[in-house]
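User: I would like to understand the terms used for a protein model, and on what grounds each of them is applied. Could we go through them one at a time?

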Amino acid sequence: MLKGFISLVSAAAFVLVLVISAGAAPAGPLAQVIEGAKKENVVLAKLVPGFTQKSMSRLEKEIKDKYGVQLTIKFTGSTNFPNDVAEAIMEQKVGAMPSYDLLTLSSTIATANQGNVLENVDWKALLSAGTNPDVVHDNPLMRGGIVYKTAHLGLMYNPEKVKANEVPRTLGDLANPKWKGKGGIQNYANAWQRLSFLLGKEKVISALRAILKNGAIQGTYIDQVNRYLLGEIWFCFVSSEFTESTREKGMPTAWQSLEFSDIREYSTVVRKGAKNPHGAKLVSLYLASPEGAKFVYEEAKGGTLYYPGNYEHDIRMQNQKQGIKEIFGDRMTDLLEFYTSKEAQQLQKDISLVLQTGGER
């Protein structure tokens, strides 16, 4: 009898070991999302550019391996976030089914929430082990967003032309006669508008005029990067998203943040009334995880400061070493509210005029 009891206990212990070894199945809210996704199968997603259909095949496989759900992910690349929000609001007004289950947005999440077109997902209740909780937006204006890619605004420079101890550290440094005609700046008025709010309108507009008078070449990010690759300029004021591809093309490239570390965050959001909301949540959760960060970096050269192993995290470490403060503008209530104000509209017009006139009054 005792021998039989011991055998029974041993068998039970063996089964328990097998269960623990295999890993416990997700429970609670995440389990509900997984079960819901199994019934949907498809996700219509707008993501940052750079991915391919082959990338989606890899993403589908990795999500199946992690969550046990086979999804078909149909994606479109997009960077025109204001247009995506306007389209979503229009669909909501006319009662149309959302064109996409999942969108990628930045600070425009606040505008989308004003239009009541996003699902208020409790992401922190769904995060898997290892995911940095900081990827979830806590600001009420940004509710529903979960970050999968970041970008810094700063100076990309050629270390063979510009010494590290001489590289500009402030906007004012870009106007130094030493760099006359050697640098480029982006001509996006909204980016300068953001800086004006953070540093002060007079300071930024004055610096911008001086930079332009110093012969800085202005253009889009792509314009600047192309001129940099041709050797026409030694540095350019752009997004850090271009550093990796520039290095891969053989051009020596280093980074320096100006004034402060200006960080932009790209987040996924789930459309209210989406046809496939559970699948959209699984895709979002995976992209925001450490495994997702590796996928985004390898497939689209997108980095995130929330995990090591990519240029965005390297920039964060460099900034901390240099004592440069991080500014997460997309999480600042006063900045988000400023974007929709009449003052912001006027400031954008003023900056556009400075760019158009080359700094002349």
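User: How many helices and strands are there in the protein chain?

Analyst: There are 14 helices and 10 strands in the protein chain, where helices (H or I, at least four residues) and strands (E, at least two) are DSSP runs, numbered from the N terminus. This is a predicted model, in which local features need pLDDT of at least 70, side-chain atom pairs count only at pLDDT 80 or more, and totals for chains, interfaces and linings use all residues. Residues are numbered from 1 along each chain as its sequence is written, and side-chain values use heavy atoms, with hydrogens and water left out.

User: Why is T131 called buried?

Analyst: Buried means under 20% relative accessible area, exposed means over 50%, and partly exposed is in between (1.4 Å probe, protein chains only). T131 has a relative accessibility of 9%, and therefore counts as buried. T131 lies in the loop between helix 5 and strand 4, and, leaving aside its neighbours within four places in sequence, it is in contact (heavy atoms within 4.5 Å) with A288, S289, P290 and Y307.

User: What makes N116 buried or partly exposed, given its relative accessible area?

Analyst: The relative accessible area of N116 is 39%, so N116 is partly exposed. N116 is also placed in the loop between helix 5 and strand 4, and its phi is near 60°, a positive value in a residue other than glycine.

User: And which class does E259 belong to, buried or partly exposed?

Analyst: With a relative accessible area of 27%, E259 is therefore partly exposed. Its place is in the loop between strand 8 (254–256) and strand 9, and phi of E259 is near 65°, again a positive value in a residue other than glycine.

User: How do you know whether T108 is buried or exposed?

Analyst: T108 has a relative accessible area of 13%, so it is buried. T108 sits in the loop between strand 3 (102–105) and helix 5, and, apart from its neighbours within four places in sequence, it is in contact with F81, P82 and V85. In the protein chain as a whole, buried residues make up 49% of the 361 residues.

User: Which residues of helix 2 are buried, and what covers them?

Analyst: In helix 2 (residues 29–38), the residues L30, A31, V33, I34, G36 and A37 are buried, and what covers the buried residues of helix 2 includes helix 3 and helix 10 (277–287).

User: What makes strand 1 and strand 2 a pair?

Analyst: Two strands pair if DSSP finds at least two bridges between them. Six bridges join strand 1 (residues 42–47) to strand 2 (residues 72–77), and so these strands, which run parallel, count as paired. As one example, the bridge partner of V42 in strand 2 is T72.

User: Which elements make a right-handed β-α-β unit?

Analyst: Strand 1, helix 3 (residues 53–67) and strand 2 make this right-handed unit. A crossover is right-handed if, with the strands pointing away from the viewer, the path from the first strand over the helix to the second runs clockwise.

User: How do the residues of the lining of the largest pocket divide?

Analyst: They divide into 21 nonpolar, 17 polar and seven charged, where Ala, Val, Leu, Ile, Met, Phe, Trp, Tyr, Cys and Pro count as nonpolar, Asp, Glu, Lys and Arg as charged, and the others, Gly among them, as polar. On a 1 Å grid over the protein atoms alone, a pocket is an open set of points where a 1.4 Å probe fits, with protein on both sides within 12 Å along at least five of seven lines, and lining residues have an atom within 4 Å of a point. The largest pocket is lined by 45 residues, of which T79, F81, S106, N190 and R264 lie nearest its centre.
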